[in-house]
Amino acid sequence: MRKILLSSIILLVGITFIGRLSYLQIFSFSPNQILEDPAIKKVYDYPERGYIYDRNGELLVANQPAYDVMVIPREVKPLDTLAFCNLLGIDKERFVSQLKKARVYSPRLPSVLVPQLSKEDYGRLQEKMRRFEGFYIQKRSLRYYDTNSGANVLGYISEVNEWDLERNPSYAAGELKGTTGIEKEYESILRGRKGVKHIQKDRFNRDIGPYKDGTLDTLPEQGKQITVTIDKLLQEYGEKLMTGKHGGVVAIEPATGEILALISGPTYDPALLVGRERSKNYSKLHYDTISKPTFDRSILASQSPGSPFKTLNALVALQEGAITPETTIHCYNGFYVGKRKRGCHCGGGSRNLNSGIYLSCNAYFAGTFRKIYDQFPTSAEAMDVWEKHMKSFGLGTFLGYDLPTGRPGRIPNKEYYNRIYGEKRWSSSTIISNSIGQGEVEVTPIQLANMTAAIANRGHYFTPHVLKKIGGENISIPEFTKAKHTTIDKKHFEPVAHGMAEVYKKGTASRLQIEGIEIAGKTGTVENFTRIDGVRTQLTDNSVFVAFAPVDNPKIAIAVYIENGYFGSRFAGHIASLMIEKYLKGEITRVDLEKRMLEKTLEEEYAKPYSGQPFKINERVW
Amino acid sequence: MSVSGKSVLKRLDWFSVLIYISLVFIGWINIYSSTFTEDNPSIFNFASLHGKQLFFIGTSAVAIIIILALEANFYERFSSLFYIISLALLLGLFVFGKTIAGATSWYDLGFFNLQPSEFAKVATALALAKYLSDIQTDIKRQKDQMVSILIILIPAFLIIPQPDPGSALVFFALIFVIFREGLPLYYLSIGVMVILIFILTLMFGTIWVAIILGLLLALFLLLKKPSFKVPVIPVTLIYVAVVLFSLSVNFVYNSVFEQRHRDRFGLWLRLEKDPKKLEEIRKTIGYNTYQSEKAIESGGKYGKGFLEGTRTKGDFVPEQHTDYIFSTVGEEWGFIGTATVVILFTLMLLRLVHLAERQKNAFSRMYGYGVISILFIHYFINIGMVIGVLPTIGIPLPFFSYGGSGLLFFTALLFIFLKLDANRLNELT
C-alpha cells in the first residue's frame, strides 16, 4: 500500500491539474478575448461623419473641428495656475477639481480638462500651451450646421451611453452617435466605419509596438453624405413664420411623398446642441415644459383634425354610395343630435357636397356621416368599413416614414366604442363628432399632410420620407417608391378636390388666394380642452389648415396645425398660403400678409392656462 | 572506475533522460519567449536571461558528465560530508549572504549567484537515505524516527529566516521517504488532520468544526457494531484537542500570520464572500495569480503561438521567467502545451517511482524517494499556484524556471539517482 500511495498521489495531482487547465483554457476561454486583452490597446481612427444636404444640394450639416484640453496628471509640473486658468477661461476651483478628478481616474492616462474649445480659443491657446507641461490639445470633430432650422428633422448627436454600449459592440465609450432625427435614422450611413489599430502594451501601459505587425488593423471607412428631401429655404421660411406659435407644419410633394418641410414650433437652433454649452442648453430646452421645444409637434402631436377630416368622410360616403355630389342636406344653423342642437357657422340653408366643403357646414357632414351608417344593418359593420377606409389614408397607424419617432394617432373602431358604451349601445349619433373631425379621431400633422397628398393624388400616396440620396446616388427603396392606394375610387376625388378649390374661391379661405396659383384647401377650427388643476377647461380653438396646389398636377401638399390659433383661416390658413407661394413662386407677393404672420405671436394665448386667473377664449386677435 | 563509461550509458534510464531533456528544452523555449524583446532576439547573447539560461544548461550538461563518471558509491560515502557542508553554507549565509528581492539566499560568486538551499536539497536527500539505510537504524524505533525527522528539519529551519519559507517547505516533503520506509501511518494522518482542520476552521469557524465533528462522532456511535467498545477517554481527549487546535488556528491566523499570508489564504479559500470585493482582491493582492490565470486562459486550446503571447510580451505576469514560467506555456501553447508539460512531469515522477522500487540497494531506493518527493513538491506547489488552485508559495518549477542554482542542482539531484540506478546490477557483484 505504501508503494502505490505516492504513485496514486502523483496521478491524482496530474488529473486535477489537467482538469483545472481544461476548465481555464477550454471552458472559460472566450474567443473574442482580443477585446478584453489588457495587453492590446485599440486605437481608433475615426472617419469624418457624412454631410447632410437639402433637396437642392444646399449644405445643411457639416463638421467642424473642436479642441479638448487634455491633461496627464503625472506629467503636470508646478505651473502658474492663475495664468493658465485665465488662458482657458475657467475659474480656479473648476481647474483644481477637474485636475483632481483626472488624477483619481488615472494619473497616467489622459483626461479631458476642458472640453470643446472653439477655433478662436484654440488659436489663442496653441502657442502658449507648450509652457504648461502635462497638458496638450486634442482635436475632435463636431457637427456644424449651415442653417439655424430643421433641428427636429436633422436631430443631434451625443455621446453613447451604457445602454448603447451593451447593445452594440461597435461603439466604444466616449464615441458620438446620432440620438434623434436623421442623425439617428441614418446613423450607420453617416457614421462610416472607424478604423482600428492594435497596439501591444506592457503592464505599465507603454506602447511596445504594433500587435501582430498590424495584420488585424483596419482602415477607417468614410461616412457617406446624405441628401434629404427637405427644402432648406422652405424649412427656414416656415420656421420663421412659426415664431411664437405652437404647432406643426408639414409639406409633402404628393407625386413622390418627399417631405419638403417638417416644422415644429417652437424649435431651436441646432447649433445650440453642439459645443461646450451643449448640456446647459439641452437642460434649458428639455425643462421648458410649456413650449416643449424638443417635442417634435409635426410628428408627435396627436390631436383632433377638425374640419379637414370632413373631406375624408365625404369620400367614404361617396364610395359607399351614401351620397352623390348632388345630395342636399339642410342646415338649420346647426343640426340635432337627439334633442341637443350642435352649432354650425356656415350660415344655414341647403347644402350639397360642394358648398358643404367650402363653407365647412357641420350639419351637412353630420348628415353625411349618418347616411354612411344607414347603409349598413348595424353600426358595428358600418364602423368596420369606415375604419378600413380611414386607415387606407395612413391614419391611425405609424405612417412608416424614416424618422425615429412618431405617433399612430387614432381612428376609433367598434372595439373602442364597445369598451366605452357597451356592445350595441352606440350608434352614428353617439359618435357623430367624428363626422366633423372632433370626437375620438386623432391625427398628427404629418398624417394630415399625407392625407392631403392622397387627395391631391386623387387616391394614392407615397410613404412620406426624408431620405433622397445616399452619397449622391438616388435611393430606390420600394417602401418609399411604391404608391399606396386608398380604398376610395379615383372618380370620387374630383368633386371633393373641386370643393376644396372653392374654399379658396368663395369659401372659408377666400381671402388667402394667391394670384396665379389655383389652390385647394380646407380650414379647420378645432375645439380643444386642457385640465387646469383637475378641471376640464376649454382653450381657444386650434387653427388647422390643409391645402395642395396647384389643384391639377399638385406640387405641394401641406398641413398646418397651430395650437390655439382660433379660426382655421387665420394662423394656419395664412401660413399655408405663404408657404405654398414661397415654394411655388420662390417669392412672396403679399407682403402685408407675411408681415402680419411674422409679427403676430400667440405667446399670450399660451400663457393663459398658466396664469392662474380665469381667462377668455376665442378672442379676436386681429 | 569499476564501470566503463560505455556501460553507464547503456544502463542509463534513457526514458527519464529523454523527459528531462524535453522539459529543459520546453522550459528554455518559454524563458526565451518571456524575456524576449524585439531588439534582442539573439539566442546566444549572454547578457540576456535566456542566454544565461543557455549557459546554465551547458553547465548542467558538464555536471551530468561528471556525475555519471564518478563512482556510484561516492555519493553514499560522502553524503554526510555533503550534508554538513550544506548546513555550513546555510549558516554562512547569515554572515556572507547576498540579498536579492528581500531574501538573503545567495552567495555572490561574481559570475554567478549560488543558492545553497538548492544544494541542501540534494545533500539532505542523500543524508536521509544514508541514515535510513544504515544497518543500525530501525524506523520502528522512536529515537530513529526523531533523528530522521531532525535531518529534514535542521536545513528547513536554517532556510526559514532567510526568509524563504517556500524552499523550507520542500524539505518537509522528504517525510514521504521516511514514510515509505515504515514510519507509522498516524504521523501522516495527524499531518493531514491538522491541515484539514486548519482549512475548515478558516472557512467555517471553530463552532461549526466542533459541531460537525460532534455530529460525525454521534453518527459513528449510532452505526457502530454493538460489540465495539468505544475508548471513551481517548476519544474525548482527541475531540477536546481538535477543538483547542481549531481555536488556536484563529489565533495563529490573526496574530502570527502576516497580512500578506492572510491575504493569500483568504483569496485561496475564497473567505471573502462579496463577489465584487473578491474580484477586487483578485486584482490587487492576488495580482500575480490573477494575471497568470488570465494569461493561461487567454491561450485557449491551441495557444497564441511562439512569441505571440500578448500578455507575456507585455510583462503582465510578474516573475514570469522564474516562478510563473508555466503561464507562458499556457498563453503561447494553449491547453496542448500545458497538458503536455503536466503529462511529462507525471510520466517522469511515475517512472522514478518505478526506478526507485526496483533498487536492490536500500540507499538507492531511499534516495530515489527523496528525489521524487522533492521534484513532486516543487511541481505540485508551483503549477498549483500558477493555475490558481493553491495559495501563492514562491518556489520554482524544476528544469523549467529560470535560475542557475536551481537547474544545476535539480539536474544533479536527478542524475545522481540515475547513476545509482544504472549501477544497480553492480551492487550484486
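Chain A has 23 helices and 23 strands, taken as DSSP runs (H or I, at least four residues, for helices; E, at least two, for strands) numbered from the N terminus. The model is predicted: local features need pLDDT of at least 70, side-chain atom pairs count only at pLDDT 80 or more, and totals for chains, interfaces and linings use all residues. Residues are numbered from 1 along each chain as its sequence is written, while chains are lettered from A and ligands numbered from 1 in the order in which they are written.

Of the 622 residues of chain A, 42% count as buried (20 or more other C-beta atoms within 10 Å of the residue's own, with C-beta atoms placed from the backbone). Contacts require C-beta atoms, placed from the backbone, within 7 Å. Among contacts in chain A between residues at least 6 apart in sequence, 72% join residues at least 24 apart.

Between the chains, 30 residues of chain A are in contact with 34 residues of chain B. On the chain A side, α1 (2-27), β8 (195-201) and β9 (207-210) each supply at least two residues. Helix α1(A) gives the most, with 16 residues. This side of chain A divides into 15 nonpolar, eight polar and seven charged residues. Here Ala, Val, Leu, Ile, Met, Phe, Trp, Tyr, Cys and Pro count as nonpolar, Asp, Glu, Lys and Arg as charged, and the others, Gly among them, as polar.

Within chain B, helices α3 (residues 49-69) and α18 (residues 404-422) pack at an angle of about 25 degrees, their axes 9 Å apart. Axes are lines fitted to C-alpha atoms over the stretch in contact, and angles run from 0 to 180 degrees between N-to-C directions. α3(B) is therefore roughly parallel to α18(B) (angles under 35 degrees). Contact residues include B:Phe56 and B:Ile57 of α3(B) and B:Phe415 and B:Lys419 of α18(B). The residues of this contact comprise 11 nonpolar, four polar and one charged.

Definitions and conventions: Parallel < 35°, antiparallel > 145°, perpendicular 65-115°, else oblique. Contact = placed C-beta atoms within 7 Å. Buried ≥ 20, exposed ≤ 12 C-beta atoms within 10 Å, placed from the backbone.
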